[in-house]
Every structure is written in structure tokens, then in C-alpha cells.
Amino acid sequence: MAKEKTRKSVYTFGNKKAEGDASMKNLLGGKGANLAEMNLIGVPVPPGFTITTEVCTDYNKYGREKVVEMIRPEVEAAVKYVEKIMGSGFGDKKNPLLLSVRSGARASMPGMMDTVLNLGLNDEAVESIAKKSGNERFAWDSYRRFVQMFGDVVLGMKPASKEDIDPFEEIMEHMKEEKGIHLDTEFTVADLKELVKRFKKAVKKVTGHDFPTDPWEQLWGSVMAVFDSWMNERAVYYRKLNNIPAEWGTAVNVQAMVFGNMGQNSGTGVAFTRDAATGEDIFNGEYLIDAQGEDVVAGIRTPQQITKEGSKRWAKLANVSEKERASKYPSLEEAMPAIYKELLDIQQKLEDHYRDMQDLEFTIQDGKLWMLQTRNGKRTGAAMVKIAMDMLKQGILTEKEALLRCEPAKLDELLHPVFDPTAVTKAKVLAKGLPASPGAATGQVVFHADEAEKWVEKGHKVVLVRIETSPEDLKGMNVAEGILTARGGMTSHAAVVARGMGKCCVSGAGNLKIDYKARTLTIDGVKHKEGDWISLNGSTGEVYDGKIETRDPELSGDFGKLMKLADKYSRMLVRTNADTPRDSQVARNFGAKGIGLCRTEHMFFEGDRIKAMREMILANDEEGRRKALKKLLPIQRADFEGIFEAMQDLPVTVRLLDPPLHEFVPHEEANQKEMAKEMGISVEEVKQKVHDLAEFNPMLGHRGCRLGNTYPEISEMQARAIIEAALNLKKKGIKAIPEIMIPLTGTLEEMKLQEKIVRETAEKVFAERKEKIDYLVGTMIEIPRAALIADRIAESAEFFSFGTNDLTQMTFGYSRDDAGKFLPVYYEKGILKHDPFQILDQEGVGQLVRMGVERGRSTRPNLKVGICGEHGGEPSSVEFCHSVGMNYVSCSPYRVPIARLAAAQAVIKEEAALAKSKKTETKAKKSKKDEGKGKKAAKKKK
Ligand code: PEP
Ligand code: MG
């Protein structure tokens, strides 16, 4: 603790000065760092200060009392700093300073943590504010909001479940009934005063204490509540979803209040420097007149557009006439032209400064514009690509920067199916809302987030339909195919969160009548029940009746350009794991440069094939097996021809049979009977065989090359099918490049025996056909022993492909099939950070991979090396594969573009790291030289 005492914990900003800057995100959080930076570049920001993320970590370690004691002097000094700029006093009865308290983590977590506004109000301060502003209603409305927010957030009165009613909302509803009014804005000053009284009574009843009137007590309570909210359930869930470590903590930003609810000359809004859904380079956003911050995102009132053009577009979508639009929902450009002009300049300044699309929050207090936040805006995958490529074209970014701007995993959104254009023209449009987050979604209607989770667990596809969403709905939104809301604009919670998740979302579809209790959705008088199918087009805002067929997307436009750019920089190639011509074609369309793993076992399950396969398994001797294999040969050959043709001119790695044979026989009695009948044998015989094949640890049992070495005729048949298929295509002028891969090799002898079978078979076929093709024989490296003796294995193998699924299984000793039972507990307890079957464990498994590559190449310098485990499409693992010098990664077809981008980023990051270390080296050399010169000079002097 002694060290912490000297540490700076509070950073002030205001009046175009700041103690922090944009580079200090880790310490000040994103919001705090940018508030400081905005001051430094001359943007108007209400003065305030940031309490660092380190304090949050201390809070979780040492608790409230210690932390308050530690930072009290700095906070008191910072409040004085704000008082000086504002010319008012915190706790001053005549001229009170009011504050806002907001969270701000290193990475933005929209709506996940708590905020308290209007802090510093009490029975005396409210009177002074009323007098000073000449607006009694505004003063009492702010007080009413403050007691409610403080009660909910700091005093914990917010109900835990969304289904329970907020006690303050309940009081307001009663009051509305009593007065016969409908809207909050219809409350009179007397009503608001009465509300405050009732709110305070409720506080006393629930907490047993009076509502705190001391501003300092309010401030400390609010700061600590923000720290507490870092650990609330939804924040924890959001962090998990976005890989944000709990250790980061949140900063707390305390600022002088500025008021958007001071009347018709005030307002508040949210804006984006470019379109966050499509990426188009147009300034856009929403605002509300006479409203306070949270009103815009909460989706309670219909927000107005900032630009006139945007407003017209909105009116068209919302079916609002031009006359009504201009009078009831004018844009900021029309309603407050001078403010609009200032905002337009500021947004340009901020985008130029940060060189990225900004998401801004602002408040207009009595005709003066204040910026409350700027951050790199969350965007859809499509917008991410368009913005990066546009900024490259506009000369804002270099090629490398544009590549780094795109998050590989986010490309996934662009790879999902879109509505089939002919199917969509036949579908009935039910409603139209705002195109809040693009994509196509088809699913069954559910109305509650927890229901969505339950339905999805049971295997359903759902569309979550809500009047509006809130942070409590996060989990349900995450599992849904799409989200549809009746209220809320393009910056509503649903829209912002859906875009962040890359989830299709249509918001503010006004003609939906949702009855949560009856679980019905009524559109134009027609009722739809829970479980009915609907479809959403998040790019147009259309809501369709029923299920609509989808089809694969294409790599065109900016996406195609980005991929080309990625290939320009990457050193590794990207192949695919595919075992059908269709998958091969999809992957080829996505830019795959070959097949890295064709699992032949999948080919044996369809139709008649399983029969021949079972015949082979049931056979009691080699002769019987050969007879059955003869039936399988033409089927396999035809399969390979299809795949080789789809992949012509590109290499195709075909793996020989891998799984334990028991996977091919039925385990249920009914199916065993059916098999007995088909095979013309008794059920007992089938049962006996199933019993014989049963193993205690099948994953460590009779599988992989152990099959090919005990039943060489299987490998022989497969090798023949591969070579014959390639020769057949050669005859048609199609070039096949087969690479034959031995699975589960652990000893050199295993490999050599298999290699011998393959090569002898190939030679035999060449002699029969009097024709040859080139082919390679290599192996999977998926057993730790193989990695350890990779130098020996490379004597026989011409290529290695790391099977990191099995390698992870055997290195950790976790069963691939059973790890799901304990992994969640392991994440919770912090034993593991990620699923090692998804993200390569570089620390452990990675060592074996690195060693395998190095040792293999020590024997065979030109050894071709790749990866074909699931990790081959996961960006951080791809980067690792690059760092150990692999030639390619192989992944499922839909991850090919992700891997292509990750492979390019790996090169760029490596270059940057190299340049950095060179710079430090030169610096170190220079300072050593200078030191030497200094010594020499000193010697001379002597
Ligand atoms: C592996 O083990 O990583 C692999 C690709 O093979 P499979 O998943 O088929 O065992
Ligand atoms: Mg394997």
C-alpha cells in the first residue's frame, strides 16, 4: 500500500487543459482518456476528473474504506478545480455545483455499468437551481431523476429481475393515474415535488435510512457504485463475450453537469461520423429536445435525426409525411442551425484527429454545445470493411493500417447466408422498421430474453421480439438469430448492441403491438403467437411473415478488395478442411488455396456406403475385408474425383481412415436388428461385433494409422482410390495434386509402414495405367510423441499437418468429447482463460508445435508444414502458426476469409515488432556510444 500512496489516482481536465491524454486508455479508461484529449484539441467538454482503473482494482482488493482514505485528498482537490472553472461550489447552498458520475473501462461496454446524474441536489440546492435557471420545472425534474437514479444504482433499489417493477416507476405510474395524465412531461412542478417526497419515503421504507442530503456522501456512494457495477452480472457476461479481462477494472469520470433538459433551447444526442451499419461516409445521429442523456439510448421517446437528409430518409421509412416530419420531428440542422454547424465541424475534427469513425455524445444546454464523449464507434462487419477501404482510398490510412483496422473474427458476419432473392420476393412483408443492423434472420418469435435462451438450448432458432431492449436482455440477444423492437431509433440499446454483436436487428417498427403477458405480436390487426416464424432483413428494415430460404454470400466489392490486399501481405496460404465437392467449391470461392484436410470417414456414412463399410468391419478375415473394400473402392474414387475437380490445380490433402471402427456400427437395439436384417446375419452376431469393438478409451484406442497398420488393405484401397481418381482426371485434362496423409502417427515405424503401402499401391496403379502423377506422402502431427521425434518422422514424411484437436487433447489430457463438463467451471475459477480446443494454447501445446516444425525441418529443410485442427481458423492461433513458420493454415470453408486476414495481420504485426526492437537496439547502442564518448571526454579532461 505504501507505493500506492505516491501514485497519482485522479486526473483533471477542463478549459482546454488536461492531465491525461488519449494514449492513457489503460489507466483512464476509453472515456476518460478521450475526455482529456478532446480538451487538448480544443473541443468544448464540461470540466471534470477521472479516477483511474487502478483504483477500481484496489477497490476490489481492499474495499471501500481503504480506497476512500487513499484517494480522498486527490478527489477533494479535483472537485475544487472543477468548482473554480464553473464558478460554483459543490455543496454550496446558494450556488451549487452539480456533478455526473460515469463509468469508463479500457474497452467500451455500452450500457453495462452504472451512471448517476444530477448529483449534489438536495432540498436546498434544488431551490437555488430553480432560482438560478429561472426554470423551476427543470430543477425539480432533475431532482426527481436524481433521487430515482441514486436509489436504483447506489442504494440498490433497482429490481433484480426485469419482470419486477422499479419502485420509482411504480410511484410515477400511480401519480399519472391520479392526475389522469400519460406522459412524464405532463407532470406539473407541484407533481414533481410530490414525486420527490414519495420517492424519498420509498427509500426510507426500503433501506431504513433517509435519502442522503450531503453531496459528498452522494459523490462517494456513486463512485463506489460504479466500481461495484464492474462486477455486476451483465458486465461480467459482456466481458466474457468480448474477451475483456476482469483485471482491467473501470475508471470513474466525474464531470460538471450540463443540462439538456432546460427547455426548448436544450437537448441531447448521439452521433456517428460515418454510418455504423453500412459504413457509408455520412454524418448521422439522433437527438431529443429538452431531454437528458439516457433518454436517447433508452428508446422511450422517438428521437429526431441530426441531418436534414437523414431526417427525410427516416420519415420515409417510418411512414411520416414531410409536413409532419418538418413540424414534429425537425432535424437538428433545421431546428438549431448554428449548433448543427458547430457539431459538424467538431465531428470532422474528431474523426481527422482519431483517424477512425467516431461515436459521439453531446448535450446542448441553453444554446451552448458540449461534447460528453467520443470513442471509436462500434460497427457491423460490413461497415468495418467499408470504412477501412474508404479511409484507404481517402488517403487517411495506409494499406497496412487498413488491414489492421479490420478484426478478422468480425468478417464472420459477412460470410453468413443472405436471403435468397427469389424467395424474398414471394414473402409477405408484415412491417417495416429501421435497418439497425444488417443481415438476414429467420426464426421463431419469442418475447423474453430468458425464453430465447431456453428455446435455443432446445435447438430452436429464434427472433427476439421486444418493445425495446435493455442491458438485461444481452444473453437472449446473443443467442437469437435476430432482434426486432417496436420502439427505439438507430442509436437505441438494441441497435447499438446488435451492431456490436453483428446480429441482424430491425428497430422501431412502430406498427407492432406487443403483449408480453399473452405472448402475442399484433401487426395491422393480425396476431402472431410465440413460436410463429418470422424473418428480418436488417439491411432494409423489412419484417417478413414465415421462414425464408437463404443462400451463400459472395466476396465482392470492398470485401473482395480487402481480401486481395490481405493476400498481398500474407506469407502463409489458407487452405480448407472439406470433404465434399460443395464445401470445396464454397471454400474456393472464399479464396482457399487447396484442401488441408479431407476426412475420408465422412464419406462412408451416406446411403449404401455404410452397408459396405459394415460388411468390411464384420468380416472375420482379410479376404472378407478385401471383398467389402472392393465395393467401397469405386465409391471413394468417385468422391475424390469430385473433390479434385472442384480443387483443380490446387493441392488436396486426403487423410486415410482415422476414427475407431465402432463409430460405424449401430449401438441401439432397433438399429442393430435392422443391420442384421440387411446383412443377412443374426442380431447376436451384430451384438457380438459391437461388443468386440467397444473400447474403454476409443480416442486412444484402435484408430488412426493403427487401423491401417493392422488392416493394411484399408490403406491400400484408399491409396488406390486417390491415385486412380487423379489419373482419371488427368485423362480429362484436369490437374489433381493429391497429398496423402497418415493420421495419428506416433513412431517412425508406423509412418514407414503406411508410406510403403501407399507408394507400392501407387506404383502398381501407375504400372496398370501406364501413366503417372505427382503426389506426396505426409503425416498428421497430433500425438505429442510425434512432435518430440519430428526429426525422425520427417525422414519419411514429405509434409506435416498439425492436428491440434488431438494434440490439445493429448497434451492437456482432456477428452475432446468430455471437456465440456468441466471447462465452464475452469473459466469461472480462472484456471483457464479460454477453451484450448478453440484458441491454441501457445504456452503448452504451442511448444510442441514449434518443436515439431523445427525438428522436422532439421531433417528435411523444405518440409511443407500446415495446421488442420480447429485452431487453423482462429485469428490468434493463425498468428502463432505464422510465427513458427508454417506454410499454410487450413480451416472450415466459412473461416477462410478470416484466416486470410489474420495471416496478413500476422506479417504486419511481426514487421512492426521487429522495427520496434530495432529502434530500441539502435537507441541502446547510441546511448552506449554516447556513454563511451562521455567517458573518453572525461578521461581527456583529466
Ligand atoms: C485434429 O486432431 O486436429 C484433426 C484435424 O483431426 P480430427 O479432428 O479429425 O481428429
Ligand atoms: Mg485428429
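This is a predicted model: local features need pLDDT of at least 70, side-chain atom pairs count only at pLDDT 80 or more; totals for chains, interfaces and linings use all residues.

Visitor: What makes a residue part of the surroundings of ligand 1, and how many residues surround it?

Guide: A residue is counted when one of its heavy atoms lies within 4 Å of the ligand. By that criterion 14 residues surround ligand 1, and the closest are Arg599, Arg655, Gly803, Asn805 and Arg816. By class, the shell has 3 nonpolar, 4 polar and 7 charged residues.

Visitor: Why is the approach of asparagine 805 to ligand 1 called a polar contact?

Guide: The cut-off for a pair of N or O atoms is 3.5 Å. A polar backbone atom of asparagine 805 is 2.7 Å from an oxygen atom of ligand 1, so the pair meets the definition. A polar backbone atom of aspartate 806 is 3.0 Å from an oxygen atom of the ligand, and for a backbone N or O atom of threonine 804 the distance is 3.1 Å. Taken alone, ligand 1 exposes 290 Å², of which the protein buries 95%.

Visitor: Which elements give two or more residues to the shell around ligand 1, and which gives the most?

Guide: Strand β26 (595–599) and helix α33 (804–812) each give two or more residues. The most come from α33, with 3 residues.

Visitor: Which residues does the UniProt record annotate as "binding site"?

Guide: The unreviewed UniProt entry gives this annotation to Arg599, Arg655, Glu782, Gly803, Thr804, Asn805 and Asp806. The entry also places a feature of that name at Glu782 and Asp806. These two are spread over 25 residues of sequence, yet they cluster in space, with a largest C-alpha distance of 5.4 Å.

Visitor: Why is glutamate 782 called buried?

Guide: Buried means under 20% relative accessible area. Glutamate 782 has 2%, and therefore counts as buried. This residue lies in the loop between β29 (776–781) and α31 (784–788). Leaving aside neighbours within four places in sequence, glutamate 782 is in contact with Asp658, Pro743, Leu744, Gly803, Asp806, Leu807 and Met810. A polar atom of the glutamate 782 side chain lies 2.8 Å from the backbone nitrogen of leucine 744.

Visitor: How do you know that aspartate 806 is buried?

Guide: The relative accessibility of aspartate 806 is 2%, so the residue falls under the 20% limit and is buried. Aspartate 806 has its place in helix α33. Beyond four places in sequence, the contacts of aspartate 806 are Met699, Arg703, Leu744, Glu782 and Arg816. With arginine 703, the side chain of aspartate 806 forms a polar contact of 2.9 Å.

Visitor: What makes arginine 655 a buried residue?

Guide: Arginine 655 has a relative accessible area of 4%, which is under 20%, and so it is classed as buried. Arginine 655 is found in strand β27 (residues 651–655). Apart from neighbours within four places in sequence, its contacts include Leu597, Cys598, Arg599, Met741 and Met780.

Visitor: Why is glycine 803 described as buried, and where is it found?

Guide: The relative accessible area of glycine 803 is 3%; this value is under 20%, and therefore glycine 803 is buried. Glycine 803 is found in the loop between β30 (799–802) and α33. Not counting residues up to four places away in sequence, glycine 803 touches Met780, Ile781, Glu782, Cys868 and Gly869.

Notes. Residues are numbered from 1 along each chain as its sequence is written. Chains are lettered from A and ligands numbered from 1 in the order in which they are written. Side-chain values use heavy atoms; hydrogens and water are left out. A polar contact is a pair of N or O atoms within 3.5 Å; within protein, one must be able to donate a hydrogen and the other to accept it, and residues adjacent in sequence count only if both atoms are side-chain atoms. Accessible areas come from the Shrake-Rupley method with a 1.4 Å probe; for residues, only the protein chains shown count as cover. Helices (H or I, at least four residues) and strands (E, at least two) are DSSP runs, numbered from the N terminus. Ala, Val, Leu, Ile, Met, Phe, Trp, Tyr, Cys and Pro count as nonpolar, Asp, Glu, Lys and Arg as charged, and the others, Gly among them, as polar. UniProt positions are given in the numbering used here, feature names are shortened, and annotations may be inferred rather than shown by experiment. Buried means under 20% relative accessible area, exposed over 50%, partly exposed in between (1.4 Å probe, protein chains only). Contact means heavy atoms within 4.5 Å.
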